[in-house]
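Good morning, and thank you for the time.

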Amino acid sequence: MRLGILVNSEQHLPAIIGITHTAAAGGHQVEIFAMDTGTRLLERPDYVALAELAGVTMSFCDHSAKALGVATTTLSEKIVCSSQFSNAKMNHHADRVITL
């Protein structure tokens, strides 16, 4: 199964981490897209570490990150700076999408 996680808030980090670890450990593909205040999580080491898990891909809305002054220049190359097009692709390809 392919799970999409739309992160549009910085309030649910423990749930994002738990769901991602559980799904990846179960052999599922997980795609995470951050936008709005969810991009603030890009400054949290425990959030960006999710990109290192097998089967997990991550991207974020550049417009949102810039508008909020989120530091993104030191992010791993595994976390893709993108646009809402990545969100649309995630929603198209995912079997299920969770919004947190």
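Predicted model: local features only at pLDDT ≥ 70, side-chain atom pairs only at ≥ 80, totals over all residues.

A disulfide here is a pair of cysteine sulfur atoms within 2.5 Å, and the structure holds zero of them.

Residues are numbered from 1 along each chain as its sequence is written, and side-chain values use heavy atoms, with hydrogens and water left out.

Buried means under 20% relative accessible area, exposed means over 50%, and partly exposed lies in between, with a 1.4 Å probe and protein chains only. Cys61 is buried, at 6%, whereas Cys81 is partly exposed, at 45%.

I turn now to helix H1, residues 13-25. Helices (H or I, at least four residues) and strands (E, at least two) are DSSP runs, numbered from the N terminus. The expected span of a helix is 1.5 Å times one less than its number of residues.

Which residues of H1 are buried? They are Leu13, Ile16, Thr20, Ala23 and Ala24. Seen down the axis of H1, these buried residues fall within an arc of 110 degrees, so they line one face of the helix; the arc is that of the directions from the helix axis to the C-beta atoms. On the other side of H1, Pro14, Thr22 and Ala25 are exposed. The buried residues pack against strand S1 (2-7), strand S2 (29-34), helix H2 (45-48) and strand S3 (56-61), where contact means heavy atoms within 4.5 Å. Just after H1, Gly27 takes a positive phi of about 85 degrees.

Next, the charged pairs. A salt bridge is a side-chain nitrogen of Lys or Arg within 4 Å of a carboxyl oxygen of Asp or Glu, and the structure holds five. One of them joins Arg2 and Glu31, at 3.8 Å from N to O. Arg2 lies in strand S1 and Glu31 in strand S2, so this pair ties together parts that are 29 residues apart in sequence. Arg2 is partly exposed, at 31%, but Glu31 is buried, at 14%. Another salt bridge links Asp62 with Lys66 at 3.1 Å. These two residues are four apart in helix H3 (residues 62-68), and are therefore separated by about one helical turn.

Finally, the interior. In soluble globular proteins, nonpolar side chains tend to be buried together. A nonpolar core is a set of buried Ala, Val, Leu, Ile, Met, Phe, Trp, Tyr and Cys residues joined through side-chain atoms within 4.5 Å. The largest such core has 23 residues, of which Val7, Ile32, Tyr47 and Met58 touch the most other members. S1, H1, S2 and S3 each give two or more residues to this core, and H1 gives the most, with four. Apart from this core lies another, of five residues, among them Leu6, Met35, Cys61 and Met90.
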